[in-house]
Amino acid sequence: APEHMAPGAVLLRGRALASDRDLLAGIAAVAAAAPFRHMHTPGGFEMSVAMTSCGEAGWVTDRRGYRYERCDPASGAPWPPMPGAFVALARASAAEAGFPDFAPDACLINRYAPGARMSLHQDKDEQDFSRPIVSVSLGLPCMFQFGGANRSDPVKKYELRHGDVVVWGGPSRLYYHGVLRLKDGEHPLTGGLRYNLTFRGAL
Ligand code: MD5
Ligand code: FE
């Protein structure tokens, strides 16, 4: 049964388990064409999370700011297409959470090694916040923190595990959130890593 984490945020525990190997093969295919890289924030800090993207647009950050680009700045080529298993899971999960028409045009893939973290932020580089974000956790578990619409709102913690899917719609679409420093561990399918797929309607 879906769990409600916050207004509009639906946690589908284990929803990605049936396709986990296909999703990981998709990550490998995307990374073969658009390798994971540690980008820099506009303030000049290197991100501890390694990232790549697939779909019509990819999320990038550098000294010029945060934005979506149709081509990978590392190669100049369009981002690789979204693997079929990605699209199928994103669409089915969104529909189960009440978004039957979700058609993601961007998928950011985050790779966390032990020690990597993502500090509290909002996702607001997309054009239309009425579309949800679908996020899929694979590999090592993490402690996810999410607050509210204001940075000063109290923060709740949730463990996100291999196979969990969260659909962030409604008010939660713009809630502050982050990932605490990843702890060491070993997962049978990913070794010492956590991956997160985040499906967005960006353009
Ligand atoms: C992660 N990634 O686990 C998370 C999953 C990112 C990012 O935050 O920006 O790449 S997406 C979590 C998310 C999205 C939209 C709203 C909320 C959480 N929320 O209300 O908490 O690597
Ligand atoms: Fe985010």
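## Around the ligand

Let's start with ligand 1: 16 residues surround it, and the closest are Phe146, Trp168, Tyr175, His177 and Asn196. A residue counts as near if its C-beta atom, placed from the backbone, lies within 6 Å of the molecule.

By type, the shell splits into eight nonpolar, six polar and two charged residues. Here Ala, Val, Leu, Ile, Met, Phe, Trp, Tyr, Cys and Pro count as nonpolar, Asp, Glu, Lys and Arg as charged, and the others, Gly among them, as polar.

## What kind of model this is

This is a predicted model, where local features need pLDDT of at least 70, side-chain atom pairs count only at pLDDT 80 or more, and totals for chains, interfaces and linings use all residues. Residues are numbered from 1 along each chain as its sequence is written, while chains are lettered from A and ligands numbered from 1 in the order in which they are written.

## The seven-stranded sheet

One open sheet has seven strands in the order β1-β2-β11-β8-β13-β6-β3, with antiparallel pairing. Strands pair if DSSP finds at least two bridges between them. At the edges you'll find β1 (3-6) and β3 (50-55), each pairing on one side only. From one strand to the next, the twist averages 20 degrees.

Inside this sheet, β2 (residues 9-12) and β11 (residues 165-168) run antiparallel and are joined by four bridges. Ala9, for instance, has Trp168 of β11 as its bridge partner.

## The four-stranded sheet

A second open sheet lines up four strands as β7-β12-β9-β10, again with antiparallel pairing. β7 (118-121) and β10 (156-160) stand at its edges with a single partner strand each, so one side of each has no neighbour in the sheet. Five bridges tie β9 (residues 142-146) to β10, and the two run antiparallel. One of the pairs is Phe144 with Tyr158 of β10.

## Two helices

Helix α1 (residues 20-33) and helix α2 (residues 84-96) have axes that come within 8 Å and cross at roughly 125 degrees. Axes are lines fitted to C-alpha atoms, for helices over the stretch in contact, and angles run from 0 to 180 degrees between N-to-C directions. That angle makes α1 oblique to α2; under 35 degrees would be roughly parallel, over 145 roughly antiparallel, 65 to 115 roughly perpendicular, and the rest is oblique.

Asp22, Leu23 and Gly26 of α1 make the contact with Ala85, Phe86 and Leu89 of α2, where contact means C-beta atoms, placed from the backbone, within 7 Å. These residues divide into four nonpolar, one polar and one charged. As for the strands, α2 lies across β2, β6, β8, β11 and β13, running at about 120 degrees to β8.

Definitions and conventions: Contact = placed C-beta atoms within 7 Å.
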